[in-house]
Amino acid sequence: MNVEVETESLASPWSIRWSRRRASTAEIARRIRRDRLAVVAVVVLVGFIVLAIVTPWISDRADFNAINTGDNPTNQSPNGDYLLGTDRYGRSVALQLIWGARVSLFVGLVATVLTIVIGVLVGLAAGFFGGWIDGLLMRITDWFLVIPFLPTAIVLASVLERSLWTVVLVIGITSWPSAARLVRSQVLSIRQRLYVDRARSLGAGRLHVVGRHILPNVTPLILASATLAVPISILTETTLSFLGLGDSTSISWGGMLDQAQQSSAVTAGHWWYYLPPGIAIMIVVLTFTIFGRALEEVLDPRLRAR
Amino acid sequence: MSVLELRDLHVTYRTSGGDVPAVRGINLTLERGDTVGLAGESGCGKSTVAAAVLRLLPKGATVTGEVLLDGEDVYAMKPGRLRAVRWTSAAIVFQGALHSLNPVRRVGQQIAEAIQIHAERGASAQRTDARVGELLERVGIPAARGQHYPHQLSGGQRQRVLIALALACEPNLLIADEPTTALDVMVQAQVLALLEELQRDQGLSLLFITHDLSVLTHTCKQLAVMYAGRIIEEGPSEVVFASPEHPYTRALAASFPSIGDPASRMNPRGLAGDPPDPSALPTGCPFHVRCDVATAECATLDVALRDASVGRRAACVHVGSTRV
Amino acid sequence: MRAGFVIRKCIGAVSTLAFVVVFNFFLFRIVNRDPVNSMFRGRNLKPEKLAELRQKFNLDGSKWDQFVAYVRQLLHGDLGYSLKGFRPVATVIGETLWPTVLLVGSSTILAMIGITLGYRAGWRRGSTFDTTATSMSMLTYSMPEFWIGMVFLGLFSAKLGWFPVGGLEDPGSNATGLSQWIDQLHHMMLPAIVLGLAYVGEYMIVARSAMIETLNEDYLQLARAKGMRDDEVRRRHAVPNARLPVVSLSAINFGFIFGGAIAVESIFSWPGIGQATYLAVRGPDLPMLQGLFLLISAGVILANLVADLLYGKLDPRVAGR
């Protein structure tokens, strides 16, 4: 069939896609705005992120390398000079708290990105190629799923060099299986849809099908699960730091709790040392979870019906 | 006293988008031994009517009017009375889809459960099992199949199990809600034959709900056609099917080509447009948008059922006049 | 349940265990190439002693030989030697296993209260009970379990003195029999509550969504039509179906609770596997860590197997009947 199309009156396919994407993003934002709790969560989250970013301008990192020279008061409860008191080395707990935000958020986000990237690659490959590739990848995924998460993380972290990147790596390696599974089942259900076959019959190559049809449909789900995966990464990093497996040169909330434990802050009643980091973790994890759930509800068409 | 009487039944669902009227004033009476078919497309409200009889509507549904089962208003019953009446006065034969039955329980057990709920003094296990076997055999399933799980049965077998289940407490009224829809034609015929046989043998009243008009002409004596929550035509089923009064019924009947009639095979006539959205009904007669004989007043006049001839009524401006 | 199903699952579990053994061995071998050297650095040892030790640590021969020797040792119950005092790992595990079983067992039972809460919350979705339960679950889920431990310890032990500050028994106590039991129970209460609290949210949320999924099913309407009472419909028809995802979760959660026990035991000085792991990490006591990892993995694999078999029993569609 030869039909002449007036190309002048049509917008280019690129701009059509772009405006459609903008429209759907706006729609998503609108839906989320309706959920007041989610909005509060996002605001708090952004607040933390901003705080983490501007920290270097507020305080000097070098302050924390100084060992107590006798000038700084140690183990002081909150007072006028130190908003949250001091630790056993005389360092301000409040400042440690905001410095800790950087590490926790950084690790949380980067580790999640790693998890998602590995998970998506594996899930896409398994779901798309099927056959023995699928079988093999799923076997590997199942193996990784059964191996207990934290002990594995601990072992890996003990065995490798202690640094932030190790922690990121460890979390990524142990968390990707569930993302892979999710992506795979989504890819499988999309593959079954007729329009993919029709695209193939039109002569579309495999990459085209993946890029244009499968990926856009999988992305919303990935986004939602990524947001829900961040809290898990943060909690894992916290636990690893608490066990002394994190980077000892950096300050993290988990590290602070470790220090608190080592200095018997709990039994000594130095609540200002161990309470604030935990509360901070709780808030960040909670807000991410609330936001992630709201996103999930908006993006996942299956949940929308309810 | 009639087995079932619906008096000016209205059902409205409360949704996030507002109130949706699913049933807008239904009047229906079934006497003992009557067989009535309720036909219509999806969304016309017929399944709502079925659920309404036993008060099975979801929480957000408002019901006005009366539903009288053996003279008692179902909606005035106390919870205890309602539970006692369910299944014993009237039972529903649901569509035999895979999840109409609990997938993790054996089918025999699910039938036995119905018996045990209503047994006066706790029937013995033996007696219950015997009865379950009896019921299964009655619908043409070997009693041993009672030990199977729903996923191990075919669609037709599941449907029969649901029929057996419905008969478990010897109700006076069977409401069949799309019992043959998911089945292929041969199995459909078998299930229909079974229903007819049971109805005759036990003198049951039958309310048969479906979108398949052709099925009703054989199984039911009377026929009522629903559209947009209302009955728009009623009368003896064969007559209604052969010479419909209402344009919608005409279109519905014509959609089913008669097997063996070459003319209708070559010329299937469907109906343009979609069934009306209950939350946004057209003004006047709800059908006028798709009607090929609509007049100007159809857009403003909401017609009630008019007498067309003896025992026949239809809700159309053209009815009762000399125009065919 | 068909025998084929059971066999398949068992083979799967064994193969995963095998994978773990291989993974375990090579991981530690790569890092800790010469444990003898690192243990006895700087000390002069007679050559025979050295050779004997090397043999004990499977350092002779190729990697494959070492691996075979390692597996042979494993099958004899020899898990190597801890760097701390040169005690056999297996002995240390033997001493610390029971307290952990006790703790993880009771915490899991406490956490499973979440399941019933979840069913109820899902059944009455949107009710006050539901929103309260869900918010509480999200709250506890967001807290690191060891932090909950620290807070509880600080409040209930250090400040209020209701519970002991740690350990299995009162130090220096020579109570026996019932009074010993009660003492141990008293010491266990706080860590068990903490660990249970940390995971109750997870159970609750999964049970709730499982229940919500079943709410839409047709067979519930059928059960109601039969004249069943609402709570019976929930118990006899909804729950048996909602149970299925919960069983799957329990297996996964078992692994998490074990992980949580590591930190909680260290906070409460509870002399179990968790604390042993914590100390091994801090050491670092790599042979100990290697043995512990194997044990914990085996435990989790076993739990998964049990859960799989249980699932097969509960859901006839899966076991190929």
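1. β10(B) and strand β12 (residues 312-314) of chain B pair antiparallel over two bridges. Within β12(B), Arg313(B) is the bridge partner of Glu234(B). Two strands count as paired if DSSP finds at least two bridges between them. Strands are DSSP runs of E with at least two residues, helices are runs of H or I with at least four, and both are numbered from the N terminus.

2. This is a predicted model: local features need pLDDT of at least 70, side-chain atom pairs count only at pLDDT 80 or more, and totals for chains, interfaces and linings use all residues. Residues are numbered from 1 along each chain as its sequence is written, chains are lettered from A and ligands numbered from 1 in the order in which they are written, and side-chain values use heavy atoms, with hydrogens and water left out.

3. Back to β10(B), residues 230-236. Five of its seven residues are buried, so the strand is mostly covered; buried means under 20% relative accessible area, exposed over 50%, and partly exposed in between (1.4 Å probe, protein chains only). Strand β9 (residues 222-227) of chain B pairs with β10(B) over six bridges, in the antiparallel sense. Val225(B) stands opposite Glu233(B) in β10(B). The two strands, β9(B) and β10(B), form a hairpin with two residues between them. In the turn, Ala228(B) has a positive phi of about 50°.

4. Chain B also holds an open sheet of four strands, in the order β2-β1-β4-β5, with antiparallel pairing. The edges are β2 (18-30) and β5 (72-73) of chain B; each has a single partner strand, so one side of each is left without a neighbour in the sheet. Strands of a sheet pair through backbone hydrogen bonds, either parallel or antiparallel.

5. The pairings in that sheet can be taken in turn. β1(B) and β2(B) run antiparallel and are joined by ten bridges. They form a hairpin with two residues between them. Ile26(B), in β2(B), is the bridge partner of Leu9(B). β4(B) and β5(B) pair in the antiparallel sense over two bridges. There, Leu69(B) stands opposite Glu72(B) in β5(B).

6. Helix α1(B) lies across β1 (4-15), β2 and β4 of chain B. It runs at about 110° to β1(B). Axes are lines fitted to C-alpha atoms, for helices over the stretch in contact (heavy atoms within 4.5 Å). Angles run from 0 to 180 degrees between N-to-C directions. Seven of the eight residues of α1(B) are buried. Among them are Lys46(B), Thr48(B) and Val53(B). Just after α1(B), Arg55(B) takes a positive phi of about 60°.

7. The second largest pocket has a volume of about 1,600 Å³. Of the 42 residues that line it, the closest to its centre are Leu56(B), Leu57(B), Pro58(B), Lys59(B) and Arg224(C). A pocket is an open set of points on a 1 Å grid over the protein atoms alone, where a 1.4 Å probe fits, with protein on both sides within 12 Å along at least five of seven lines; lining residues have an atom within 4 Å of a point. Grid points are joined across faces, edges and corners, and the volume is the space filled by probe spheres set on the points.

8. Chains B and C both contribute to this lining. α1 (46-53), β4 (61-69) and α2 (79-85) of chain B, with α9 (177-215) and α10 (218-225) of chain C, each supply at least two residues. The largest share, five residues, comes from α10(C).
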